[in-house]
Amino acid sequence: MANVIYTEILKMKKSRMFLLSLLGGIVSPLLNFFMLLAYHQQNPDETLTMESLFNQTHLFIVFLVGTLLFALITTYLFNREFEEDTLKNLLTIPVGRTQLVLSKLFILIIWIEIIMIYSFFMVILLGFIGGFEGFQTNLLFLSFKKYIFTGFLLFLLTPVIILITILFRSYIPSIAFSIFATLGTLIIMNSKYIAFYPWSIPVLMTMNSQQSEYPILFSWLIIIGVFIISLTTTLIYFNKTDID
Amino acid sequence: MERIIETENLSKHYGLQKAVNRINITVRPGEIYGFLGRNGAGKTTTIRMLLGLIKPSEGVIKIFGEDFSENKREILKRIGSTIEFSGFYSNLSAVDNLKVNTTLIGIKKKDAIKDVLNIVGLYEERNKTVGNYSLGMKQRLGIARAILHDPELLILDEPTNGLDPVGIKDIRKLIKTLAKKKKITIFMSSHILSEVEQLADTIGVIHQGSLVEEINFEELRKKNRRYIELKVSDDARTVLLLENEFGIEDYEVYPEETIRIYTDHDKVARINKALVNEEIEVSGIRLSEDNLEDYFVKLTEGEVIG
Ligand SMILES: Nc1ncnc2c1ncn2[C@@H]1O[C@H](COP(=O)(O)OP(=O)(O)OP(=O)(O)O)[C@@H](O)[C@H]1O
Ligand SMILES: [Mg+2]
């Protein structure tokens, strides 16, 4: 397993997607930084706080950017083996098909958290540059925890994308799917169904403003259920599918 | 071990199409087996099954004497392969691409990568990203990757595809060396008869999914040598005359007073005259059209291979 993970890292060398994903990670902090600055110009008496920059950026990630960006990464990790036709080499070495999926899953969570941490530090950097107020250890600590937790929740949804990628062996279906999933979140967000719809559960669980009428356990069961079911389906399908 | 590869009624169906239809292949230790067939004959499909990439619809595969479906992992470790469209990570150099394999296989030998790159003549270009490699270079890198772990069996799918004449010659030499010096058994597919002809000990011809011929090359050559066929009134006396007057020993006598002569074709006029002088009646003289190429054309229904 360690070998497979090591080669997964090796494969990222000079990979454009890694840089691109870091670029994706900077979008939310940067956008919100400018939005807050613009807001500040119109309302000069309100102070620019680190807390608002952290929260706004987080909101952006959990709602919009996260699902899409992480779907892109997920698809890249799996689809490149089909696209570059390297899967045949791996499977005839032989690397076990289950082992391969699990190793990539491991890389995926690391990658997602790298982007979350990267965004976190971009917020700090931008806040520092913009002279935002309220650099408190407590805020930094809580925000860091929230970012990591958000990354984890979004990760739990990635096996759905893995399954779609392996089924269709292309970028378009998984990207289309994640766009619809995101639209779904926007629609459901203000209803009570926020507790049941997998893609809005991370919103519910990481934003203090969101309250559910239902025990949070329901939502946990759903999101973990989605993870387990889609991953199991992926493994079963991938293990018996023909590789042309 | 009598047999390296043995298949029994191996088949793969795609819907109604029988891409591979009940083929029985036998590959013996140390030989080069040429798997010959036209485009779409089912070569790659067969190889995919031999490598466990697709599941047979029917049939059994035995490799190294063991059931493949039950010992897939252990068997694959002893095989090196290249397959149609087998790719590389285009963002990585040749060395890093091979490093993926040495890491996954757990090859400890320090110079393994250097050695195989030298063998295929890519060492100078080892640090170039494979995305910038030419087709022929990729083909050679594929072979390098296949022999990285000193396999006992090499399965090569059209190894000279896309190479220029010099490249083809190089690969041919390489394959020969691997077979003779390292005693690797080689199963290689091709759609070019002349390529297989110069390498293989045994060939299997696949046509529209069926194995239409599997034969030792020596035998095949014998079967397909050019000859002059004489129909005479007395074969015993003709044979005496051929041996004594012309020193011809390479001939065969067939029923109905028919004799095939495999050498000295330039003497046919003189032979005829001598026979007539001896009052042996010659009712027919025919130069065989058969050669290897024609033979395969026949096997594959009148369309040319390669
Ligand atoms: N996944 C698939 N689905 C449907 N048909 C397929 C599939 N794979 C192969 N075939 C069909 O099986 C037949 C054999 O194909 P195969 O690739 O084995 O031929 P080949 O002998 O390797 O030809 P070539 O010399 O062109 O490489 C072809 O008719 C092809 O269309
Ligand atoms: Mg082929």
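Guide: The second largest pocket has a volume of about 270 Å³. On a 1 Å grid over the protein atoms alone, a pocket is an open set of points with protein on both sides within 12 Å along at least five of seven lines, whereas a cavity is a set of points where a 1.4 Å probe fits but cannot get out; lining residues have an atom within 4 Å of a point. Grid points are joined across faces, edges and corners, and a volume is the space filled by probe spheres set on the points.

This is a predicted model, in which local features need pLDDT of at least 70 and side-chain atom pairs count only at pLDDT 80 or more, while totals for chains, interfaces and linings use all residues. Residues are numbered from 1 along each chain as its sequence is written, chains are lettered from A and ligands numbered from 1 in the order in which they are written, and side-chain values use heavy atoms, with hydrogens and water left out.

Both chains take part in the lining of the second largest pocket: Lys14(A), Ser15(A), Arg16(A), Met17(A), Leu20(A), Tyr76(A), Arg80(A), Glu83(A), Glu84(A) and Tyr171(A) are joined there by Ser90(B) and Asn91(B). Two elements of chain A, helix H2 (16-42) and helix H3 (50-83), each give two or more residues to this lining. Helices (H or I, at least four residues) and strands (E, at least two) are DSSP runs, numbered from the N terminus. By class, the lining of the second largest pocket holds four nonpolar, three polar and five charged residues. Here Ala, Val, Leu, Ile, Met, Phe, Trp, Tyr, Cys and Pro count as nonpolar, Asp, Glu, Lys and Arg as charged, and the others, Gly among them, as polar.

One lining residue, Lys14(A), has a positive phi of about 55° although it is not a glycine. Most residues other than glycine have a negative phi, and most peptide bonds are trans. Lys14(A) sits in the loop between H1 and H2 of chain A. From the loop between helix H1 (2-10) and H2 of chain A, Lys13(A) reaches across to Asp96(B) in helix H3 of chain B.

Three salt bridges are found across the interface of chain B and chain A. Asp244(A) and Arg48(B) also form a salt bridge, with their closest N and O atoms 3.7 Å apart. On the side of chain B that touches chain A, strand E1 (5-14), helix H2 (72-77) and helix H3 (94-105) of chain B each give two or more residues. H3(B) provides the largest share of that side, seven residues.

In total, 31 residues of chain B are in contact (heavy atoms within 4.5 Å) with 32 residues of chain A. The two chains bury about 2,700 Å² between them, 52% of it on carbon and sulfur atoms. Buried area is the accessible area (1.4 Å probe) that two parts lose on being put together, summed over both. Leu53(B), Tyr89(B) and Leu104(B) supply 26% of the area that chain B buries against chain A, more than any other three residues.

The largest cavity has a volume of about 160 Å³. Of its 16 lining residues, Asn89(A), Thr92(A), Ile93(A), Ser81(B) and Asn101(B) are the closest to its centre. E7(B) gives the most to the lining of this cavity, with four residues. Ile93(A) is also joined to Pro94(A) by a cis peptide bond, with omega about 5°.

Note on methods
Salt bridge = Lys/Arg side-chain N within 4 Å of Asp/Glu carboxyl O.
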